[in-house]
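Good morning, colleagues. Please look at the structure as it comes up.

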Amino acid sequence: NVLTRTVTAAGGQTLYARVRARDRAGNVGPWSADSDGITVDLTRPRLTNAVARDAYAVTVTFSEPVVGADVAARYSVTPALQILQAKRISDSQYLLHTSAQQRGTVYTITADYAIRDRAGNSMDPAARSRTFTGPALTAVRSWQDYR
């Protein structure tokens, strides 16, 4: 028979556990050593940046390492822009391949609540959207032909 205890803790607090056995006769064994600490994380991840790399790619950055951000369907963009693929660059940065972006258009990208931090916290509702501008046109100068 396993006995469970529910404890409350504040964000940032580190908790440790130890156990001891009790046999059917009621004899209690010694306490175990302390477990590894578990730090309570109540901070939700935030989408902190979105930048167009070119006409078909956007880099998004989160405030902390996240899971589930490598799924294209977990992003939406207005005005209509499709996210075709999402690739992990690092634990908190992802490269999103898009349909063709229009030069100078301001887009709003929104991350889905299914994207979570490693503690299981879903996206902060106040910080799951960012704007980015479609890529700028690069000026190219022609070469003069001299003889």
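Three strands form an open sheet in the order S6-S9-S11, and their pairing is antiparallel. Strands here are DSSP runs of E with at least two residues, numbered from the N terminus, and two of them pair if DSSP finds at least two bridges between them. Strand S6 (75-78) and strand S11 (129-133) are the edge strands, each pairing on one side only. On average, neighbouring strands of this sheet are turned by 25 degrees against each other, direction ignored; the axes behind that angle are lines fitted to C-alpha atoms.

A word on the source: this is a predicted model, in which local features need pLDDT of at least 70 and side-chain atom pairs count only at pLDDT 80 or more, while totals for chains, interfaces and linings use all residues. Residues are numbered from 1 along each chain as its sequence is written, and side-chain values use heavy atoms, with hydrogens and water left out.

Let us return to the strands. Four bridges join S6 and strand S9 (residues 106-111) in the antiparallel sense. Val77 has Ile109 in S9 as its bridge partner, and Ser76 has Thr110. Which residues of S6 lie on the covered face, and which on the uncovered one? Tyr75 and Val77 make up the covered face, Ser76 and Thr78 the uncovered one.

I turn now to the rings. How many aromatic pairs does a search of the whole structure find? The search finds two, where rings of Phe, Tyr and Trp (its six-membered ring) pair if their centres lie within 6.5 Å, and planes under 30 degrees apart count as stacked, over 60 as edge-to-face and the rest as tilted.

The pair of Phe62 and Tyr94 is edge-to-face, because the ring centres are 6.1 Å apart and the planes stand at 75 degrees. Phe62 belongs to strand S4 (residues 57-62) and Tyr94 to strand S8 (residues 93-98), so that distant parts of the chain, 32 residues apart, are linked. Both residues, Phe62 and Tyr94, are buried, that is, under 20% relative accessible area with a 1.4 Å probe, protein chains only.

Tyr107 and Phe132 form a stacked pair, because their ring centres are 5.3 Å apart and their planes at 25 degrees. This pair links Tyr107 in strand S9 with Phe132 in strand S11, 25 residues apart. Tyr107 and Phe132 are buried.

Note on methods: Axes fitted to C-alpha atoms, helices over the stretch in contact; angles between N-to-C directions. Buried < 20%, exposed > 50% of the residue type's maximum accessible area, 1.4 Å probe, protein only.
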